[in-house]
Amino acid sequence: MAKLRKYKKKKTKLWSKPSIYKTIDGNHVQMDSTWEVIMAMRLDELNIQWERDEGMKLPYLSKAGRKRNYIPDFYLPEYDTYIEVKGYFTESAKHKMKSVLEVNDVKIIMLKSLIEIAGFNKEVL
């Protein structure tokens, strides 16, 4: 009798919808959620230069003590500040952000609602 193979179920992000955003200079940027698109629009409204790059990684330690990399949603080079847009913080995500801040000497602004994104301004920086 043949063995049944067990397949790992691929993790899917049910809470986000990937989108393409067209920047004010005409470039197309892949976003992981519609909230990130709204944040990019807000930054552009405020004339704040931002970067988004899969190669931009900040190390941190997982709960199990493994070295991992966090990829920030946005980096604001003029302010040397990162922005994380996340509507729902799991315990794992909370641990990750705490570890990122402990391991790296960085400033991260976490926005947890569309109201916070809409109210974001340069004074926060």
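Aspartate 44 is buried (under 20% relative accessible area, with exposed meaning over 50% and partly exposed in between, for a 1.4 Å probe and protein chains only), yet aspartate 44 has no salt bridge. A salt bridge here needs a side-chain nitrogen of Lys or Arg within 4 Å of a carboxyl oxygen of Asp or Glu. The nearest side chain of opposite charge is arginine 42, 11 Å away; Lys and Arg count as positive, Asp and Glu as negative, and His and the chain ends are not counted.

This is a predicted model, where local features need pLDDT of at least 70, side-chain atom pairs count only at pLDDT 80 or more, and totals for chains, interfaces and linings use all residues. Residues are numbered from 1 along each chain as its sequence is written, and side-chain values use heavy atoms, with hydrogens and water left out.

Helices (H or I, at least four residues) and strands (E, at least two) are DSSP runs numbered from the N terminus; touching means heavy atoms within 4.5 Å, and residues up to four places away in sequence are not counted.

| Residue | Element | Touches |
|---|---|---|
| Aspartate 44 | helix α1 (residues 34–45) | Tyr21, Thr23, Ile24, Trp50 |
| Methionine 110 | strand β7 (residues 107–111) | Glu84, Phe89, Met97, Leu101, Glu116 |

Methionine 110 counts as partly exposed because its relative accessibility is 26%. Its C-alpha atom is 8.6 Å from that of tyrosine 82, 28 residues apart along the chain.

Zooming out, the chain has three helices and seven strands, running β-β-α-β-β-β-β-α-β-α from the N terminus. Of its 125 residues, 35% are buried.
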